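My entries follow in the order I made them.

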Amino acid sequence: MTDQLVRIGFLGVAHLHSVSYANSLLAMAGVEVVGMWDRSEPLAADWSARLGVRHFASAEDLLAEGLDAVVVCSENVYHRPLVEQAAGRVKAILCEKPIATTVEDARAIIERCRATDTRLQIAFPVRFAPSVIELKRQLDAGLLGEILTLNCTNHGSMPGGWFVDPALSGGGAVLDHTVHVIDVLRWLWGVEVTEIYAEIGDSLLHPGLGIDDAGLLSFTLSNGVYGTLDTSWSRPPSYPIWGDVKLEILGERGVVYADTLHQYVTVASNAAGKTQWAGYGSDMDRGLMTDFIDMVRSGREPSITGEDGLAAMEVALAAYASARSGQPVKL
């Protein structure tokens with residue numbers, strides 16, 4: 001089945017990751033990016049022209065092309081209606097994280113895909129970072145012995161646009177960045193977060209922003225491990241990449257430090273005008289898309305399920321609840 005042509009479309013390109021996903025797909029043999037649609041016609045037309053794919057005037061027109069799969073990269077609040085519109089019309093759906101902005105919408109997405117026999121995968125590319133894959137290998141082998149604590153970060157620059165509109169995003173930096181890290185931790189150990197306490201800053205780093213841009217989370221996992229997560233939009237606008245997902249894990253036999261995005265050479269060039277990071281090696285977005293296309297072709301179950309997306313989102317929502325109450329929240 002490796003030579004099976006997979007025809008795929010984009011329902012929404014508002015999320016920053018959509019361009020990277022599209023470029024990954026365009027580089028794959030046996031994959032056709034049929035086209036793009038977005039609520040903002042100028043945005044879809046712009047990226048369609050840049051990438052050399054068709055621009056569709058409506059989501060329905062794109063779905064009528066007989067696609068095998070779609071990638072949903074709209075604003076967070078529109079994940080549910082777009083997934084529900086596509087489910088049953090395609091074999092598989094890749095939905096950008098967070099899966100939704102409410103538990104009700106997330107469960108509706110999962111149920112709709114189950115009822116229509118549509119395979120649903122959530123876009124958590126950090127699982128495909130080489131450092132995370134190696135970290136899981138070491139943890140599975142028990143090289144650190146008993147795990148005691150862990151310290152995590154996910155920082156980035158403030159994205160602006162719909163990301164800072166609560167009606168469209170459902171939350172700021174805490175929702176945007178927490179889900180990546182929590183998904184990785186759940187995958188590493190097969191655990192859940194059982195309790196969380198959070199301090200969250202609204203417009204702390206960007207006065208007048210109107211949404212949370214910083215958060216410090218303390219949590220306990222079901223295996224008894226205590227951890228912290230520093231999640232914020234604290235990097236300057238010139239920051240070269242979307243985040244710095246880092247994991248520092250302390251065990252009885254030592255410490256392991258994983259930097260999921262550090263595959264680059266720092267280049268300081270007067271011609272460029274500022275320091276840049278020239279990437280090399282693997283691309284975790286490409287890993288995510290390769291895995292998704294393999295799922296479409298093989299008919300297997302998704303590597304990252306809707307339930308995975310729901311669990312990660314629930315932790316972020318619990319962090320907001322903790323910050324509002326000033327008390328720990330049990331999950």
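**Salt bridges.** I looked up glutamate 84 and found a salt bridge to arginine 80, with the closest N and O atoms 3.0 Å apart. I count a salt bridge when a side-chain nitrogen of Lys or Arg lies within 4 Å of a carboxyl oxygen of Asp or Glu. The model is predicted, so local features need pLDDT of at least 70 and side-chain atom pairs count only at pLDDT 80 or more, while totals for chains, interfaces and linings use all residues. Residues are numbered from 1 along each chain as its sequence is written, and side-chain values use heavy atoms, with hydrogens and water left out.

Why are glutamate 84 and arginine 80 separated by about one helical turn? They are 4 residues apart in helix α4, which covers residues 79-86. Helices here are DSSP runs of H or I with at least four residues, strands are runs of E with at least two, and both are numbered from the N terminus. Glutamate 84 counts as partly exposed because its relative accessibility is 27%; arginine 80 is also listed as partly exposed, at 25%. The cut-offs are under 20% relative accessible area for buried, over 50% for exposed and partly exposed in between, with a 1.4 Å probe and protein chains only.

I noted that the structure holds 23 salt bridges. Glutamate 192 and arginine 186 meet in one of them, at 2.9 Å from N to O. Is arginine 186 buried or exposed? Arginine 186 is buried, at 14% relative accessible area, and glutamate 192 is partly exposed, at 37%. Both belong to a salt-bridge network that links Arg127, Asp183, Arg186, Glu192 and Asp308.

I also checked aspartate 244, which pairs with lysine 246 at 3.8 Å between the closest N and O atoms. Aspartate 244 is buried, with 4% relative accessible area, and lysine 246 is partly exposed, with 23%.

**Nonpolar cores.** A core here is a set of buried Ala, Val, Leu, Ile, Met, Phe, Trp, Tyr and Cys residues joined through side-chain atoms within 4.5 Å. In soluble globular proteins, nonpolar side chains tend to be buried together. Which members of the largest core touch the most others? They are Leu11, Ile93 and Phe292, out of 95 residues. A separate second core has 9 residues, including Trp162, Ala173, Leu209 and Trp233. I then listed contacts of isoleucine 93 (heavy atoms within 4.5 Å). Beyond four places in sequence, its partners include Val70, Val72, Cys113, Arg119 and Phe292.

**Aromatic pair.** I found 1 aromatic pair in the structure. Tryptophan 162 and phenylalanine 163 are stacked, 4.0 Å centre to centre with 25° between the planes. Rings of Phe, Tyr and Trp (its six-membered ring) pair if their centres lie within 6.5 Å; planes under 30 degrees apart are stacked, over 60 edge-to-face and the rest tilted. Tryptophan 162 is buried at 12% relative accessibility, and phenylalanine 163 is buried at 7%.

**Asparagine 76.** I located asparagine 76 in the loop between β4 (69-72) and α4. At 6% relative accessibility, asparagine 76 counts as buried. Leaving out residues up to four places away in sequence, asparagine 76 touches Lys97, Pro98, Ala100, Thr101, Trp162, Leu168 and Ser169.

**Leucine 148.** My last entry concerns leucine 148, placed in strand β7 (residues 147-157). Leucine 148 is partly exposed, at 39% relative accessibility.
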